[in-house]
Amino acid sequence: MIRDCAVSGYDMGTMLDGTHGTAQHIAPDRDRVTGRIKLGTESNGGYRNVVVQDCTFTRCRGLALETVDGGVMENVVASRLTMRDVTTAPLFVRLGDRRRGPDGTGVGAVRRVVISEIDARGIDPRFPATFAGLAGHPIESIEMRDIHLVYGEAGKRRDPAPAPVRQVPELAGAYPEPSMFGVLPAWALWVRHVERLTVDKFHAETILKDVRAPIRLENVAFPRFSNTPLRQNGD
């Protein structure tokens with residue numbers, strides 16, 4: 001159980017002294033500012049029956065649930081999370097095949113993830129909520145309910161018309177981060193290789209107009225959507 005925690009990406013030491021510095025824009029891993037709640041990466045044994053509840057994220061990356069080294073992740077519930085100034089994807093679930101573990105380790109699994117009552121604002125619009133399994137090894141059962149995402153102005157797309165949808169590489173053995181795929185072909189939700197996806201009361205909006213589709217599904221079996229208002233502001 002992870003409950004009533006506050007995470008942030010303020011400059012080192014400035015959360016403790018109350019100044020909340022924001023000079024740092026790149027973390028030591030050369031990605032955006034971090035400070036999130038994350039399960040993974042090197043998880044040979046996996047993890048089960050985890051609850052993340054009533055937590056706040058401020059000026060940092062979002063919730064990351066990852067297994068790429070053979071572990072099994074199942075029965076994870078995340079609810080009542082508040083995020084502000086999100087520097088990458090607010091929600092990221094990844095099953096990969098890096099296998100940096102003992103000889104004979106196979107591909108892991110992700111099963112039964114429930115995410116609800118999420119309020120995330122000021123999200124970098126390059127990074128939609130992302131759920132990515134592998135071909136032949138789908139994530140099994142993702143449920144999202146009562147999700148509210150507001151994307152900010154960074155990385156505004158200025159194309160006068162939608163560009164051709166690019167083929168996003170699998171990158172099975174890559175280190176798992178929302179930025180690993182580059183700018184994805186959707187601004188609110190991108191899902192690939194998932195079996196049983198349920199989305200209810202999913203509200204997403206952008207501060208500025210984005211030429212990409214709001215939602216894109218690739219190789220998703222049994223998707224169910226209801227109550228999904230999507231809105232773009234600006235020009």
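In the predicted model, strand β6, which spans residues 72–86, pairs in the parallel sense with strand β8, formed by residues 109–123, and the pairing extends over 11 bridges. Within this pairing, Thr 82 stands opposite Asp 119 of β8. Strand β8 also pairs with strand β10 (residues 139–151), again in the parallel sense, here over 10 bridges, and in this case Ile 118 is the residue that stands opposite Ile 147 in β10. In a regular strand, the side chains alternate between the two faces of the sheet.

A search of the whole structure for aromatic pairs returns two. One of them joins Tyr 151 and Trp 187, whose ring centres are 5.9 Å apart and whose planes stand at 85°, so that the pair is classed as edge-to-face, the angle being over 60 degrees. Because Tyr 151 belongs to strand β10 whereas Trp 187 belongs to strand β11 (residues 186–206), the contact ties together parts that are 36 residues apart in sequence. Tyr 151 is buried, its relative accessible area being 0%, and Trp 187, at 1% relative accessibility, likewise counts as buried.

The rings of Phe 181 and Trp 190 also pair, with their centres 5.4 Å apart and their planes at 55°, and this pair is therefore tilted. With a relative accessibility of 3%, Phe 181 counts as buried, and Trp 190 is assigned to the buried class at 0%.

Key: Residues are numbered from 1 along each chain as its sequence is written. This is a predicted model: local features need pLDDT of at least 70, side-chain atom pairs count only at pLDDT 80 or more; totals for chains, interfaces and linings use all residues. Side-chain values use heavy atoms; hydrogens and water are left out. Two strands pair if DSSP finds at least two bridges between them. Helices (H or I, at least four residues) and strands (E, at least two) are DSSP runs, numbered from the N terminus. Rings of Phe, Tyr and Trp (its six-membered ring) pair if their centres lie within 6.5 Å; planes under 30 degrees apart count as stacked, over 60 as edge-to-face and the rest as tilted. Buried means under 20% relative accessible area, exposed over 50%, partly exposed in between (1.4 Å probe, protein chains only).
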